[in-house]
Amino acid sequence: MTAVCRARMEDLCAVVTDGTHDSPKLQDRGIPFIKGKHISGGFVDFGNCDFITPEDHAEACRRVKPQGGDILFSNIGSVGDTAVVKSDREFSIKNVALFRADPKKVSPQYLYYLVLSPEFRANVLNVRSGSAQPFISLASLRAFEVNYHTDIAQQHRIASILSAYDDLIENNLRRVK
């Protein structure tokens with residue numbers, strides 16, 4: 001039996017940050033520029049995203065460069081939409097929170113399911129601010145406490161089971177289309 005502990009997100013993650021707050025000039029092509037509206041159903045929608053120049057991308061990456069396994073979380077506007085980065089494709093984020101798991105403490109895939117959990121989502125809804133455009137601060141995201149299994153092998157088993165269900169749902173949705 002593994003221990004279940006409670007920890008703040010900043011203690012489970014190597015990085016909790018967000019993307020650029022700048023508004024670079026959008027382009028017809030270039031490097032994908034992902035905002036909260038491009039995150040839905042666990043995926044990043046690269047098909048309908050905006051683009052920026054390689055120079056603006058380099059500037060945005062000075063703050064954070066998304067990489068495979070990172071969890072993206074819409075913290076402005078459509079608060080709570082979540083996706084996991086499933087490739088090493090180059091892109092930048094704007095006003096999107098990014099959680100990068102500390103692999104010594106938590107599996108990235110398990111962390112993704114923690115962020116999707118009803119407990120985490122309820123906490124987000126309880127502390128969001130703003131009426132015209134809801135948002136949740138990075139300080140609040142960093143301070144969120146979650147219950148988690150401390151055994152990495154148990155985390156992998158849990159994430160594997162949940163991932164298998166997600167794959168079944170995704171396949172069935174494709175078949176319905």
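**Reading the sheets, helices and contacts**

Q: Which strands make up the open sheet with mixed pairing, and in what order?
A: The open sheet with mixed pairing has three strands in the order S6-S3-S9. Strands of a sheet pair through backbone hydrogen bonds, either parallel or antiparallel. Here strand S6 (50-52) and strand S9 (92-93) are the edge strands, each pairing on one side only. Strands are DSSP runs of E with at least two residues, helices are runs of H or I with at least four, and both are numbered from the N terminus. Two strands pair if DSSP finds at least two bridges between them.

Q: What kind of model is this, and how are residues numbered?
A: This is a predicted model, in which local features need pLDDT of at least 70, side-chain atom pairs count only at pLDDT 80 or more, and totals for chains, interfaces and linings use all residues. Residues are numbered from 1 along each chain as its sequence is written, and side-chain values use heavy atoms, with hydrogens and water left out.

Q: In what sense do strand S3 and S9 pair?
A: Strand S3 (residues 31-34) pairs with S9 in the parallel sense, over two bridges. Ile 34 stands opposite Ile 93 in S9.

Q: What is the strand order in the open sheet of four strands?
A: The order is S2-S10-S7-S8, and the pairing is antiparallel. Its edge strands, each pairing on one side only, are strand S2 (13-18) and strand S8 (82-84). S2 and strand S10 (residues 96-101) run antiparallel and are joined by five bridges. Cys 13 has Ala 101 in S10 as its bridge partner.

Q: At what angle do the axes of helix H3 and helix H4 cross?
A: Axes are lines fitted to C-alpha atoms, for helices over the stretch in contact, and angles run from 0 to 180 degrees between N-to-C directions. The axes of helix H3 (residues 108-116) and helix H4 (residues 118-127) cross at roughly 50° and come within 5 Å. That makes H3 oblique to H4; angles under 35 degrees count as roughly parallel, over 145 as roughly antiparallel, 65 to 115 as roughly perpendicular and the rest as oblique. In contact (heavy atoms within 4.5 Å), Leu 114, Val 115 and Leu 116 of H3 meet Pro 118, Phe 120 and Arg 121 of H4.

Q: How many salt bridges does a search of the whole structure find?
A: A salt bridge is a side-chain nitrogen of Lys or Arg within 4 Å of a carboxyl oxygen of Asp or Glu. The search finds eight. One of them joins Arg 6 to Glu 119, with the closest N and O atoms 2.9 Å apart. This pair links distant parts of the chain, 113 residues apart: Arg 6 is in strand S1 (residues 4-8) and Glu 119 in helix H4.
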